[in-house]
Amino acid sequence: MSVLTGKELRIVGFLCNWCSYGGADTAGVGRFVQPTDLRIIRVPCSGRIDPLFIVKALLNGADGVLVSGCHPRDCHYSQGNFYARRRLEVLKHFLPVLGIDPARFEYTWVSASEAQRWQKVVSSFTERIHKLGPASRLENTALPDGLEKRFAAIASGELPSDGKAATRLEELKDRIHEFLPDLDIVIGWQRGFDALHNTPLFMRSAEDLEKLVWGPLNIHNTATYLPSLRGKKVGVVVKGCDSRSVVELLQEKLVDRENIVVFGMPCSGIVDLSKIDRALRERGTGIGRVQAAECGEKGVTIKAGGQEYRFAMEEVAADKCFHCEYPNAVLADHLIGNASPSSSNGKISRQLAAFDAMSLQERMAYWRSQMDRCIRCHACRNACPLCVCKDHCIAQSRDPHWISQEDTITEKLMFQVVHAVHTAGRCTECGECERACPMDIPILAMKRQMNRAIRELFEYKAGTDPEAVPPLLAFQAEEKNIHEGVL
Amino acid sequence: MTGAKFLSKEKLLDWLAELGQTRRVFMPVEEGGKIVFRPCTNGDTPALVRDASASPKGVVFPSSAELFRYTKTKARGGKSSMELKPGTEFEPALIFGTRPCGARGFTIFDRVYTGGKFNDPYYRAARENTLIVTLACEGPENTCFCNWVGSGPDDPTGSDVLATPVEGGFVLESVSERGEALLESPLLQPAEARTAEADSVKSRARAELPPARDISAAPQSIRALFDNQKFWDEVSSKCLSCGACTYLCPTCYCFTITDEDHGDSGKRLRSWDNCMSYQFSLEASGHNPRPTKAHRLRNRVGHKFSYYPQLHEGLLACCGCGRCIRSCPVSMDIREIVLDAIDRVQAKNCEVVHE
């Protein structure tokens, strides 16, 4: 119909071979009049549909994507559509963070005999897309003025606290000293190339132990190294957030409980070096010129260019530390004291709040401006404790060819979507992806949005219970918070 | 030879605009707290207070460059033919505001792409059509070690013009013949007494750099440790094996070639590759001669401080800019690895002598 009344739009349909594809066929055989905008791709089951198919289509020029499978409880493979329902619903909640209208994507159920229903589904979805008009393309969006400023808002709130932080290190060293002989390696932190840069430390002897340091400069997630050390006896010193990654790894059987000894340190927040750099630049110097630094629970004192600067922890703490609910290790063999968590009033992060305040168009423009400087180094992926495919990541695979070598913004953004989708329901928001980015691209926002969806839909928080089943590896025949069937 | 010229701060943008009439001008600009090289557009001010986060190499050697396009056509009877179209031609460019280390990086490229028996037409076209106006450094950052590799805060190697910041502007000195032509602009005035000020800025910057460590033993030390897996395992423990160091490095010149198909047409691309990635050395058979990050880090450090100097009269494939240290997510320090290698070999040699 639309082809008769106006310009055709590009709509991609993924249809299950066992039901909707047959339904569409039945509709055709029955001469039901249908719009011609839909390009159908036949798949063996709605469970085969990777949410990335949909994003790839939408980022590369589709104006709408329709998925149609068998009715719940009617799957040819008995459960495929149950899993699909969860994934697709999560994706619908995720799309807005990219600046894509979630109405451009829909999933529905049509059986092989429901020709009339298929006609209704395809007509109403096509009509919907025509109302929305052609989708705006990432490359063509222009950044409105002042958008950067909206992100300049400073995170605020309460930080966790640990009154005894100063004496913790000796206690920790004693404990590690005791267990080191039975372990191949213990992972902690040591001072790096200057007073503000600590670096991960791999302790193999008592001599190494002397290098161990503790404080807000221990910004790295030590759990990242665990999967690559599988088979060795490894001790790992963790902050609260790091311990959630350990839990997640255990949950997914990516590390073995019997080979890991967890030393849990109470954390009172870590610094964000980018914030310190920004603050120093405003004062006419920079993080590269720091001569000395004193860093404690209350803040940082920095000597640079002969001047002394003092910053309160609230000014330089990492955003994730505000409203931190888990300053203590969720799982530990040795808990070195207890920090008091900050009051978390269910506040959303500064970053998400800034996104929520933007229009879809602005969000897309924002990503365009940010992803432009991505150098595709994959530091985000390699620093991620849950990206365990690393050497075999689909981002570098030629077959299937998910991401090309063209350095377009679309390709770069697509990789970030891959990361967010592959860690959906697993990500503990440790923030390593964003921290590791040498270009300071705010990619954690995507994972935050994903986690918000997971929380709302499945009342689940990753990395808190080693026995829990991640929500995208499970389903319920009747989903409490999913209400599909709008078409 | 024309004497040094003075460019006042107020006239900087005018001068860049004037240069922009004949070529694309790239300069460092701030984006999201980082500094990257971007085409100079009206209204932008260059970020010159510190070295750029990204290196200037992308101007001459883009992260992804189209070599040619192709279209396949199938004729009747099963015969198919291929039509080729050349990729985009390099338009003359000028890089303003790189630091001496960034400019020196290109000389490491030159030896590989145009210096020896191989001549890379794409690189040559880009390099020959790019002028470089370098900004001398006023003081070092903690990650700077240009003096270790035989360079310095006012090293003119690889530049066409060297600009030294002085009160109210810059003193410009030509380094090459092409640079001399740039100094003929009417916007510039003779530097006269300001040359002395520029000299003192330079010598102050040189004095501010901590003394260089002697790494002349690096090539043979690293070679001696080639089979010492334990050493490389240890120094690579904390490495994440990402590509931040290589992609930001002004001297890393490795690339990969891929065909990106879109139906019956496509393009052949040359893009940056990264020796810290597993795929870099993965062979079609599935065998990988550098299966772990220890092997890959050995290659990265070895290439810069041992294999390259062996082939190029001792010249290190490192310009000492410190980007790999500054931007490493886990603060790996390549200086430390090189010194460690030298120490390790020296200690071992001492042991042998004692025995």
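This is a predicted model: local features need pLDDT of at least 70, side-chain atom pairs count only at pLDDT 80 or more; totals for chains, interfaces and linings use all residues.
Biologist: How far apart do the C-alpha centres of domain 1 and domain 2 of chain B lie?

Modeller: The domain assignment of chain B gives domain 1 as residues 5-66 together with 86-208, and domain 2 as residues 218-354. Between the C-alpha centres of these two domains of chain B, the distance is 27 Å.

Biologist: Which element of chain B gives the most to the side of domain 1 that touches domain 2?

Modeller: Counting residues whose C-beta atoms lie within 7 Å as in contact, 27 residues of domain 1 of chain B are in contact with 23 residues of domain 2 of chain B. On that side of domain 1, at least two residues each come from strand 4 (64-74) and helix 3 (100-115) of chain B. The residues there divide into 13 nonpolar, 8 polar and 6 charged. The element that gives the most, with 8 residues, is helix 3 of chain B.

Biologist: Within what arc do the buried residues of helix 5 of chain A fall, seen down the helix axis?

Modeller: Helix 5 of chain A comprises residues 115-132 and reaches 26 Å from its first C-alpha to its last, close to the 26 Å expected. Its buried residues include A:Trp118, A:Val122, A:Phe125 and A:Ile129. In general, an α-helix has 3.6 residues a turn, so residues three or four places apart point the same way. Seen down the axis of helix 5 of chain A, the buried residues line one face of the helix, because they fall within an arc of 165°.

Biologist: Which residue takes a positive phi just after helix 5 of chain A?

Modeller: Helix 5 of chain A covers residues 115-132. Just after this helix, a positive phi of about 80° is taken by A:Gly133.

Technical notes. Residues are numbered from 1 along each chain as its sequence is written. Chains are lettered from A and ligands numbered from 1 in the order in which they are written. Domain bounds come from an automatic or database domain assignment. Two residues are in contact if their C-beta atoms, placed from the backbone, lie within 7 Å. Helices (H or I, at least four residues) and strands (E, at least two) are DSSP runs, numbered from the N terminus. Ala, Val, Leu, Ile, Met, Phe, Trp, Tyr, Cys and Pro count as nonpolar, Asp, Glu, Lys and Arg as charged, and the others, Gly among them, as polar. The expected span of a helix is 1.5 Å times one less than its number of residues. A residue is buried if 20 or more other C-beta atoms lie within 10 Å of its own, exposed if 12 or fewer, and partly exposed in between; C-beta atoms are placed from the backbone. The arc is that of the directions from the helix axis to the C-beta atoms.
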